[in-house]
Amino acid sequence: MAAVTQDTAVSTGRVTRAFIYLLLLLFALFYLLPLYVMGVNSVKPLEEITGGNMMALPQVWTLDPWRSAWSTAQIGVEPTGLKPYFLNSILMVVPAVAISTIVGALNGYVLTKWRFRGDTWVFGLMLFSCFIPFQIVLIPMAVVLGKLGLAGSVPGLILVHVVYGIGFTTLYFRNYYAAFPTELVRAAQIDGAGFFQIFWRILLPVSGPIAVVSVIWQFTNIWNDFLFGASFGGTSQPMTVALNNLVQSSTGVKEYNVHFAGAILAALPTLVVYIVAGRYFVRGLMAGSVKG
Amino acid sequence: MGFLDIRNVTKSYGNVEVLHRVDIAVEEGEFLVLVGPSGCGKSTLLNMIAGLEGITGGEIAIKGRVVNGVHPSKRNIAMVFQSYALYPNMTVGQNMTFGLEMHGVPKPERERALADVAKLLQIDHLLDRKPGQLSGGQRQRVAMGRALVRNPDVFLFDEPLSNLDAKLRVDMRTEIKKLHQKLKTTIVYVTHDQIEAMTLSTRIAVMNKGYVQQLGTPKEIYDTPANLFVATFMGSPAMNIIPAKVVLRDGVPHAAVTDADGAERVLRFSQPSLTAWEGKDIHLGIRPEAITDPEGADRKSGNIQSLSNRVTVTEPAGSDTFVTMTLGGRDAIARMRADASVAAGQSYDFAVNMDKAVAFDPATEARILP
């Protein structure tokens with residue numbers, strides 16, 4: 001048997017192996033190319049870009065484009081740089097991610113361990129919200145925000161993103177908790193733990209992988225959102241809108257080096273989240289998606 | 001009135017009644033085993049005692065207090081689950097004291113209770129480990145420990161041994177029995193394993209299809225099963241159920257059965273009351289150990305009947321030899337001494353202990369005698 005399986009197994013000779021690595025390397029370089037272009041051009045003076053090769057390394061290294069993008073570049077009419085908008089994004093994204101993840105976890109807990117008549121319908125309707133395109137809800141959302149007095153504010157954006165995110169987070173947590181043994185919940189009930197105690201002491205401690213999935217998903221989605229930010233941001237627009245205003249300005253010289261620096265700044269937080277929590281991402285997706 | 005009273009309890013899901021008027025009074029210190037095949041309602045009944053499932057009709061009282069609608073944690077019960085249900089994120093010690101913590105017992109008292117129980121179950125060295133680091137038997141002990149720490153009125157066990165391998169199961173069975181003898185606690189224990197039921201219990205409730213088929217001591221259940229279901233469910237190998245006819249010889253009732261060759265053989269009943277059934281068909285129930293070789297027959301029995309029959313198969317099991325024959329058109333098993341000289345295909349004179357025979361009505365399947 002062993003001989004047979006060896007004969008039919010994929011041959012991994014040296015040549016094949018070298019070829020595979022070469023191919024992988026090429027792909028990796030290809031995907032890294034945009035980042036390289038952004039990186040090198042964000043540390044060059046503007047003349048080097050306009051006058052020469054985009055791909056070349058800088059002749060004069062400078063961090064001025066970064067300083068400019070961060071604190072002095074013209075965003076719209078104000079020369080504030082991206083700094084205040086970065087802060088807006090942080091103020092929006094942190095509470096929105098936290099609230100939608102916690103609510104999603106609670107929903108998942110109720111939908112699997114405290115089932116009630118019609119719970120599958122409720123879940124189905126929540127799932128439905130994952131498929132509603134952003135554009136459809138813009139006008140009703142504007143009306144609601146206006147009535148609540150939250151239009152054009154960070155809390156308004158938080159509300160929008162929480163509402164939009166709950167469908168996804170509920171889906172993740174429900175499927176994860178469906179595989180969680182109900183006997184544990186029953187044991188805790190007999191032990192005298194209440195609704196929130198069971199959630200807090202029994203379920204949450206083992207929810208690490210799926211919480212990471214939920215956080216990454218929500219963080220990238222909310223951070224990268226442009227439409228809601230542009231529509232409901234008002235005076236507290238997020239980073240994405242500011243970046244657009246920086247890059248799309250139709251007057252003056254196009255400062256490509258500053259634009260590159262700004263774009264990297266806008267992408268940096270999601271990159272950090274992926275690098276820090278990324279290895280749990282796939283694991284959690286697998287755990288949450290298959291069973292249920 | 002018992003310590004734990006189950007009075008006329010029914011359970012329905014929608015229009016389907018799954019438990020029908022269950023009536024059991026459990027005395028203090030009793031070890032009641034609910035036994036039956038899967039889907040018989042035994043776990044449902046246990047969950048109703050625990051308060052994990054609602055009671056549709058009737059009432060359940062613990063220590064004279066009706067607990068219908070009372071939250072599980074307020075019933076002063078503890079439960080050991082089939083999967084042990086240990087909290088994976090807590091250490092063994094935390095697992096065991098979680099219930100006390102939730103009930104607001106102060107820490108020094110919790111520590112004392114934990115130390116006592118850990119010593120009793122010999123798990124003191126495991127207290128800092130996580131459940132994932134324990135073997136099956138150790139988890140089982142921890143699960144029992146978690147129940148014991150609370151010092152509840154009633155212990156509920158839901159098939160606690162079915163996840164263990166065969167040898168460990170026997171050891172833990174003895175352990176549980178020792179524990180019960182030592183602590184004299186009231187226990188309700190659910191299992192589908194009739195040997196567990198026989199060995200552990202002081203009383204057994206045999207359940208099937210949502211009905212309690214028979215409630216009695218292990219001996220009553222084994223020797224005088226209420227009906228054909230109980231007779232065949234309890235005991236391994238199962239009781240032989242042989243179609244027979246009641247005939248009178250000199251005014252004394254006998255069971256007439258056909259042997260492997262279709263010839264009629266008669267076995268005298270020990271009870272004269274069967275005269276009324278003369279000429280009628282019955283099912284004759286005889287346990288395998290009541291059909292033996294003549295030397296191995298029970299000397300205290302007052303009614304050993306000889307039965308000559310052809311042997312179909314012999315199965316030596318080491319301690320005994322099981323012999324299969326055809327009786328009344330069905331296979332019947334006899335349990336012989338290990339060194340009884342029996343060979344397949346040959347005729348043999350079996351000794352049937354008719355004192356242990358049970359007769360059933362074929363129509364109602366209920367026991368007629370003894």
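Two residues are in contact if their C-beta atoms, placed from the backbone, lie within 7 Å. Helices (H or I, at least four residues) and strands (E, at least two) are DSSP runs, numbered from the N terminus.

This is a predicted model, in which local features need pLDDT of at least 70, side-chain atom pairs count only at pLDDT 80 or more, and totals for chains, interfaces and linings use all residues. Residues are numbered from 1 along each chain as its sequence is written, while chains are lettered from A and ligands numbered from 1 in the order in which they are written.

Chain A has 14 helices and 0 strands. Its radius of gyration, taken over C-alpha atoms, is 24 Å, well over the 19 Å that the globule rule (2.2 Å times the number of residues to the power 0.38) gives for 292 residues, so chain A is more spread out than a compact globule.

| Property of chain A | Value |
|---|---|
| C-alpha trace along the principal axes | about 75 × 75 × 35 Å |
| Buried residues | 37% of 292 residues |

A residue is buried if 20 or more other C-beta atoms, placed from the backbone, lie within 10 Å of its own. In helix H9 (residues 182-191) of chain A, 8 of 10 residues are buried. Among them are A:Leu184, A:Val185 and A:Ile190. What covers the buried residues of H9(A) includes helices H5 (83-113) and H10 (195-203) of chain A, and also helix H1 (42-50), E6 and H2 of chain B. Just after H9(A), A:Gly192 has a positive phi of about 100 degrees.

The contact takes 14 residues from chain A and 17 residues from chain B. On the side of chain B that touches chain A, strand E6 (77-80) and helix H2 (92-102) each supply at least two residues.

Notes: A residue is buried if 20 or more other C-beta atoms lie within 10 Å of its own, exposed if 12 or fewer, and partly exposed in between; C-beta atoms are placed from the backbone.
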